[in-house]
Amino acid sequence: MNKLLDPIKKIFKVPELKRKLFFTFFIFLVFRIFAHIPIPGVDVTALKNLFAQSQFLGLLDIFSGGTLANFSVMALGLNPYINASIIFQLLTMVFPKLEEISKEGEAGRQRINQYVRFLAVPLSSLQALGMYALFKNQGIISSLSPLSLLTLVTTMVGGTLLLVWLGELISEYGLGNGISLIIFVGIVGTMPASLGQTLVTVESQSLFNIIIFLILAVIVILTTVTIDEAARKITVHYAKRIRGGKMYGGRATHLPLRINQAGVIPIIFAVSLVLLPGILGRFLEQVPYPLLSSFAKGIKDIFNPEGFFYNAAYFLLIIGFTYFYTAVTFNPQKIASEIQKYGGFIPGIRPGAPTAKFLNYILVRITLVGAVFLGLIALLPSLARILTGVTTMMLGGTGILIVVSVVLETVKQLESMLIMREYEGFLK
């Protein structure tokens, strides 16, 4: 615990980092204010009752940061932006032109990110129309004229884009990854309400079951920290070289391959995709065509959060996105080339292509461990809810995993900033 708190204590000794911290908290405050500004014409009480009765909608509300249950101007959350990011990462692997742009460094990354923002607009519009149709059929929102509907959709799309902008401001001027931190704050913001509901209903639900649930939550946190810090260290030796009468190299170092190389990103991607069929099914279930309505009802039942197919799809998506994101962020060929360029070699492995093949061999196997871990941890609290009957604690393993991973990632970034600052001070 002291190791996690030390960087935070040191921040207040560095004016620049202290300014970044206060700016980040200011953006959090702006986000939470907007999260409680409802869109006019919505029966918020009926909406909250609907969310309390549906685990699916409750789970969806968690990842919107509580904005959906309030039907605030940010009701869509970051889901459209995340879905647009997934689409472009897949397109990058299909179209060589996009792959070339992505390899252009910071300029290429900004260009791809601009395309993602453009795609997020139509995706937000479709999702806003879907929510309007769903809530209108539930009697939560009255029928709107075309102009009023356009205003509603524009407001919801603007809320999503504002949320994306706030996240990017944190990334540029604050501390940590802005998008991850916005999701983190949204999830943490729902925890007091969930805990309060659980304590209020403690008499109707067994106290023993709640204790079991909390113990499982602690186990999830401890396991997450352990796996997130775990890595396979590959020994790399560097040959001795003599230049200008001086000897260089001749040392050994380690190349750490993290078990959870992809971090929290696969969870966010998987949740965004696995919720889509249920949303689409609820939207199409109300159409006047019996065949389409029946098909939509079947889709909705299949992707019930308590059902086997939903959890199986969720588990497989997490594994798939873990491998996908690891392949995008870690290139064995590039690492092998860098090692060879500086005269390095892995003992027993020839430099070049054999080194790349060896790194890929190790990476595939340790990534499987990390992927299965992410999938099991994400499903464990859902199973615990079924076994213990505690339904008011809607956070689940996914939320806990995101919260813990974002905290660890942010603390590591703080440590790197502090180390860089200490080196700069030493050089001066």
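Modeller: Phe-28 counts as buried because its relative accessibility is 12%, where buried means under 20% relative accessible area, exposed over 50% and partly exposed in between, with a 1.4 Å probe and protein chains only. Phe-25, at 48% relative accessibility, counts as partly exposed. This is a predicted model, in which local features need pLDDT of at least 70, side-chain atom pairs count only at pLDDT 80 or more, and totals for chains, interfaces and linings use all residues. Residues are numbered from 1 along each chain as its sequence is written, and side-chain values use heavy atoms, with hydrogens and water left out.

Searching the whole structure gives 5 aromatic pairs. Rings of Phe, Tyr and Trp (its six-membered ring) pair if their centres lie within 6.5 Å; planes under 30 degrees apart are stacked, over 60 edge-to-face, and the rest tilted. One of the pairs joins Phe-25 to Phe-28, edge-to-face, at 5.8 Å centre to centre and 90° between the planes. Both residues lie in helix 2 (residues 15-34), 3 residues apart, about one turn of the helix; helices are DSSP runs of H or I with at least four residues, numbered from the N terminus.

Phe-321 and Phe-324 form an edge-to-face pair, 6.5 Å centre to centre with 75° between the planes. Their helix is helix 14 (residues 308-329), where they sit 3 residues apart, about one turn of the helix. Both Phe-321 and Phe-324 are buried.

Conventions
Helices (H or I, at least four residues) and strands (E, at least two) are DSSP runs, numbered from the N terminus.
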